[in-house]
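Reader: Could you walk me through how to read the strands and the chain contact here? I would like the general idea, then the case at hand.

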Amino acid sequence: MERKKGMIQNWFGRKNGRGSAKSVNYMSAKEIRQISRENRRITDELERMRNRENVPESEYVTAMKDPGNILEIEDLNTWFFTDIGTVKAVDGVSFSVPRGKTVGVVGESGCGKSVTALSIMQLVQRPQGQVVKGELRFRTDDLTIDLVKIPTDKMQKIRGNEISMIFQEPMTSLNPVFKVGMQIDEVIALHNEGMKREEVKARTIEMIKLVGIANAEGVYDMYPHELSGGMRQRAMIAMALGCTPKLIIADEPTTALDVTIQAQIMDLLRQLKDRINSSIMLITHDLGVIAEMADYVVVMYAGRIVEQGTAAEVFHHPAHPYTVGLMASRPSRIRNTEQLYSIPGSVPNPIDMPNYCYFRDRCNRAYEACNGDYPPTFSISGTHSAACYHYSAVNEVGK
Amino acid sequence: MSEDKRMKEVRFEKRSSGVSLSEASLLEVKNLKTYFPISSGLFSKVKGYVKAVDDVSFSIRRGTTMGLVGESGCGKTTIGKTILRLTEMSGGSVTFNGIDIHALDRRALRALRPRMQIIFQDPYSSLSPRMPVGEIIGEAVREKRLVAPEDFDDYITGIMKDCGLQEYHKDRYPHEFSGGQRQRICIARALALNPEFIVCDEPVSALDVSIQAQIINLLKALQAKYGLTYLFISHDLSVVEHISDTVGVMYLGNLVEYADKASIFDNPLHPYTMALFSAIPVPDPDVKTKRIILEGSIPSPANPPEGCKFHTRCSYCMDVCKVEVPQMQAMGADHQVACHLYKDGRRIG
């Protein structure tokens, strides 16, 4: 009961677990000014680095650690400098996407899944949001580049071309005043200079057909409002596939859709991935979708990876108590229980993270070791690892 | 209006009322229709109707939960609102505890209101940002004079405790709460009036998985404690399966199948129900479900197909489906289906 009370206070940032931190909700104007001045100093510095002209190639060309990967994320840190403090939305995330495979990233809202994707695309809202540390190695045709350091003009050649993204809301991510066909044309024309207009149109229609829209010529001349949700999401996918990307980032592609349409879209993504031989990074909070689509699973909690492994490992032998809790809290046909397991409490305040394991206060397996620092990642098998002291008996993989 | 009235009478003569699942029902919905007029032109001439709910009949037993599932736009929410008379119906009847809700005058309806409540989908937009939580929960209680003024504070505290809120939350404003906490406030607000029946309109779909579990457990606990009856509207089939006793499946304004939970999930009869259930993703990488993928999407409710509304997407479509509207028929004790594949309790197609 005592612990519970502490947690409730924590939700509102009134009182911190450590008891010393400042109140987040009630800050004086002076404090806010001070923080924002400090933030401006940091972000100006980072922006200056980013806006330099003629950055030498040597700064952003690197080498892959494993040539079988298409994307390697190492120690990614994306922070948001807000007036009430720094939010470490992504805090030391490392995983890789192998060629031709699907990696599922799962976690609750606010855990940093989408920010990880936006960091890869260099679409984080600057200047408040900054990738402050880490490497994002991406393999293009001839060289490996670091997506963190690459200058914006070079990134524009990759974004939409080699890496493309499917967003959650098909309603808001299509422009309502342009015809669907024109919006897909634009992507193809931009990345294929010298392509004739007829060729671009032919390619667009081919793409619309590829995503399973029967009336491709008709849809080419339609506005987004004339299409249903599922059709719009198909149009978004057609746009993403327009330049045969090597990596598709699908950020909750089916969350806004009905189950029957979701089944259609998942089926489509699976077929297309094999046909154009690309990799998919699938972001979702739905464990069912992950289980059907993903080869590898990454579980995130409060900006960090708590567990990763192959789909079979994570679903059959979930290691981290958070993963176990997440799975138990979904009603399931197989174990029909009267009472659902629910993880008590909620995620700690992102501005004022505790210095121990972020999950400790909600964990049903917490013990003495959990009072120490945030746990490093412990390996369970070659591909399976978890950030939890319960696995410290097995060897450590470094932070 | 006159057309509606006539239609209502014709319907009543033509069909006997829907098969009721049990005698002890708290709520009886018979041939319910809710049409929304489509008007256009200079004088807003009525061109046609969107048949949001078209001839739906079911009943809910006291103390049980009926789950209502279907794709977006199939009329689930409209049914919920019409039952509470937040939307006027176009035909049929809704009987709550033997009282025909749509026949009541304003005063009588107002007196009945506390006994039937609703919990909305989005806890972010259904709470007034300008009212402290204690006032949100207590406003209607004070208005209805349900408790004596001196007991008011204790009563609200008790309700809040039941819903997992603390007493000191009373003076806070909704923006200070997380999504799950806000949904608890919505539940407390509904519960404070001591209702018998609550329409839960997608109460968990805006919440995270772990918070969903907390809210579902809370709803079940409250049902056990107060003997509540729920109409649980959701598009999440796993949640519906967990919480419901009976399940109704809707498609384009029609109830296509209505049965006991076990019966419908183990043995879905309607082709749409089969497709819907097979589309649920299973959180196990080894389970490869044989999925029935429906072609196309849901037709426009303003211009639904002739005959069985599902025939355009149905893989078992027969000639009769294109002309004749299938009627609800009993298949065993607790199972009803509206499909031409079945006749006299047997499958014929």
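**Reading a sheet, strand by strand**

Author: β8(A) and β9(A) pair in the parallel sense over five bridges. Strands are DSSP E runs of at least two residues and helices are H or I runs of at least four, numbered from the N terminus; two strands pair if DSSP finds at least two bridges between them. This is a predicted model, in which local features need pLDDT of at least 70 and side-chain atom pairs count only at pLDDT 80 or more, while totals for chains, interfaces and linings use all residues. Residues are numbered from 1 along each chain as its sequence is written, and chains are lettered from A and ligands numbered from 1 in the order in which they are written.

Reader: What is the order of the strands in the open sheet of chain A?

Author: In general, strands of a sheet pair through backbone hydrogen bonds, either parallel or antiparallel. Here eight strands with mixed pairing follow the order β7-β8-β9-β4-β10-β11-β13-β12. The edges are β7 (163–166) and β12 (378–379) of chain A, each pairing on one side only. β7(A) runs parallel to β8(A), with four bridges, and A:I163 has A:L247 as its bridge partner. Further on, A:A250 is partnered by A:L282 of β9(A), and A:G104 also stands opposite A:L282. Strand β4 (residues 102–106) of chain A is joined to β9 (residues 279–284) in parallel by five bridges.

Reader: Which way do the residues of β8(A) point?

Author: In a regular strand the side chains alternate between the two faces of the sheet. In β8(A), A:L247, A:I249 and A:D251 point one way and A:I248 and A:A250 the other, and all are buried (20 or more other C-beta atoms within 10 Å of a residue's own, C-beta atoms being placed from the backbone).

**Reading the contact**

Reader: How many residues does each chain bring to the contact?

Author: Two residues are in contact if their C-beta atoms, placed from the backbone, lie within 7 Å. Chain B brings 33 residues and chain A 38 residues. On the side of chain B, α7 (209–226), α8 (237–243) and α10 (271–278) each supply at least two residues, and α7(B) gives the most, with seven residues.

Reader: How many helices and strands does chain B have?

Author: Chain B has eleven helices and 14 strands. Its C-alpha trace spans about 65 × 60 × 45 Å along the principal axes, and buried residues make up 46% of its 349 residues.

Conventions. Buried ≥ 20, exposed ≤ 12 C-beta atoms within 10 Å, placed from the backbone.
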